[in-house]
Every structure is written in C-alpha cells, then in structure tokens.
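Hi everyone, thanks for making the time.

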Amino acid sequence: MWFGSFAALCTLTFVVATWVGVELWIGWRSRGARLTSTSLAAEALISASTVVAVTVSIVSATSVPDSQIGPPGAAFVLGVVLMLAGIGIRGLAAATLGSYYTRTVGVQTGQSICMRGPYRHVRHPGYLGTFAALLGFGLALGNWGSVLSILIVVPALALRIAAEERLLLSVFPNDYGIYCRQTRWRLVPGLL
C-alpha cells in the first residue's frame, strides 16, 4: 500500500470520509420515501458485495506487496481523482432526481422518468459513480490485487441494474421504453 507521506494518508482519509458523507446524505434524504415497488434483494446484494470488495481490496494492498502498481504516486493520484469523479457523479445523479433518488431500488408515487442532467447521457449515473469511486479506491491503494478486488461488485451491479430496469419497465412501460431507446447506454457512453 502506498502512502508516501502523511499528506497522502490524510488525503485518502478525507476522500473516503467525503464519500461516506455523500452516502449518508443520500440515505438521509430518502429516509421517508414510500416506495410502491421495491427490490430488497438487489439492495442487499450490492451492499454486501461492496463491503466484500473494499475489504478484499484493503487486504490485498497490505498482504500482496509484489503486485504493487508503479509508479505508486501516480496510481495514488489517479485513484483519488477517479474517486472524486465517482463521488461527484453519484452526488449529481442524486441531486438531479431529488427525493426520488433512493438507495433502495423502487418507485415512488408521483415519480416519472428523468431525462435531464447525467440521465441524458447514461441510464444509471449513480451506479457509474459508485463503480468509478470503488475503482479509484483500489487504484489509490496502489496494488493490482486491490484494483481487481473491486471487480467483485460487477455481478451484483449487473443484477441490480437488471432488477431496476425490469421494475421501471413494468411501472412505466411506454416512458421507460422510449427513454431506453433515446439513452442507449446504461453506464458508459459508447461502451456499456
């Protein structure tokens, strides 16, 4: 694990604290949401896989020194920048949807399909932000094992996206179908 200085350790700690703060803000904003349809299994799966990925990432960084990324300072800086970008994308997605953005897959009374802000470009910017922040965390730890550990989240993320899209298509068959045709990319324009 690369922490070439006390400043680097403080930087990573600050970025992780910011990320936790954004997640708490999202949870706090949505605490009174009355979801008419939900997928609690998707919520549990993504939460558990995130905890496992972060834990394995930290363990990899501390126990497999031979898989260090070089130069470690560059990996750290790139990782922190990717984390901040991911946190920003997730926060922007939540701010764009307002009270309709919840940490649980579900639909609220009065909700409609959002086609503005980051939702003009990708259908799931919140998940893009989460994955970018996780990948940045693995990179900031400066270890290839840490970066690869983040891939633990990919199957859970794919299942959660599928569950959310099924739910939205069942509740908004016309509007969400039109939105999917207009906004083809789920996570990354031109790729996914």
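**Helix packing and a few residues**

Let me begin with Asn 143, which sits in the loop between helix H4 (125–140) and helix H5 (144–149). Please keep in mind throughout that this is a predicted model.

Is Asn 143 buried or exposed? Its relative accessibility is 0%, so Asn 143 counts as buried. What does its side chain find there? A polar atom of the Asn 143 side chain lies 2.8 Å from the backbone oxygen of Val 64. A polar atom of that side chain is also 3.5 Å from the backbone oxygen of Ser 60. If we set aside neighbours within four places in sequence, Asn 143 is in contact with Ser 60, Ala 61, Val 64, Ser 67, Gln 68, Ile 69 and Gly 138.

While we are in this part of the sequence, have a look at the bond between Gly 70 and Pro 71. This is a cis peptide bond, with omega at about -10°. Pro 71 belongs to the loop between helix H2 (40–63) and H3.

That brings us to the helix pairs. Helix H1, residues 6–29, packs with helix H3, residues 72–97, at an angle of about 15°, and their axes are 11 Å apart. With that angle, H1 is roughly parallel to H3. The crossing of H1 past H3 is left-handed. By class, the contact of H1 with H3 has 15 nonpolar, three polar and three charged residues.

Which residues do the touching between H1 and H3? On the H1 side they include Leu 12, Val 15, Trp 19, Val 22 and Ile 26. On the H3 side they include Phe 76, Val 80, Met 83, Leu 84 and Ile 87. Charged residues take part too, among them Glu 23 and Arg 29 from H1.

Trp 19 deserves a moment of its own. This tryptophan is in helix H1, and at 14% relative accessibility it counts as buried because the cut-off for buried is under 20%. Not counting residues up to four places away in sequence, Trp 19 touches Met 83, Ile 87, Thr 130, Ala 133, Leu 134 and Phe 137. Met 83 and Ile 87 are among the H3 residues that meet H1.

Next, H3 with H4. How are these two oriented? Their axes come within 7 Å and cross at roughly 160°, and H3 and H4 are therefore roughly antiparallel to each other. H3 passes H4 in a left-handed crossing. From H3, the contact includes Ala 75, Gly 79, Leu 82, Met 83, Gly 86 and Ile 87, and from H4 it includes Gly 126, Gly 129, Ala 132, Ala 133, Gly 136 and Phe 137. By class, this contact has 17 nonpolar, six polar and one charged residues.

At 25% relative accessibility, Leu 135 counts as partly exposed. Beyond its neighbours within four places in sequence, Leu 135 is in contact with Leu 82, Val 147 and Ile 150. Leu 135 and Val 147 are 12 residues apart in sequence and 6.2 Å apart in space, C-alpha to C-alpha.

Now to Tyr 119, found in the loop between strand E2 (106–108) and H4. Its relative accessibility is 7%, so Tyr 119 counts as buried. Leaving out residues up to four places away in sequence, Tyr 119 touches Ala 93, Thr 96, Leu 97, Tyr 101, Cys 114, Pro 125, Tyr 179 and Thr 183. The C-alpha atoms of Tyr 119 and Arg 186 are separated by 9.6 Å, and the two residues are 67 apart along the chain.

Last pair: helix H6, residues 153–171, and helix H7, residues 173–182. They pack at an angle of about 130°, with axes 5 Å apart, and they are therefore oblique to each other. In this contact, Glu 165, Leu 168, Leu 169, Ser 170 and Val 171 of H6 meet Pro 173, Tyr 176 and Gly 177 of H7. The classes here are five nonpolar, two polar and one charged.

How values were computed: Residues are numbered from 1 along each chain as its sequence is written. This is a predicted model: local features need pLDDT of at least 70, side-chain atom pairs count only at pLDDT 80 or more; totals for chains, interfaces and linings use all residues. Side-chain values use heavy atoms; hydrogens and water are left out. Axes are lines fitted to C-alpha atoms, for helices over the stretch in contact, and angles run from 0 to 180 degrees between N-to-C directions. Helices (H or I, at least four residues) and strands (E, at least two) are DSSP runs, numbered from the N terminus. Angles under 35 degrees count as roughly parallel, over 145 as roughly antiparallel, 65 to 115 as roughly perpendicular and the rest as oblique. A crossing is left-handed if the near helix is turned anticlockwise from the far one by less than a right angle, and right-handed if clockwise. Contact means heavy atoms within 4.5 Å. Buried means under 20% relative accessible area, exposed over 50%, partly exposed in between (1.4 Å probe, protein chains only). A polar contact is a pair of N or O atoms within 3.5 Å; within protein, one must be able to donate a hydrogen and the other to accept it, and residues adjacent in sequence count only if both atoms are side-chain atoms.
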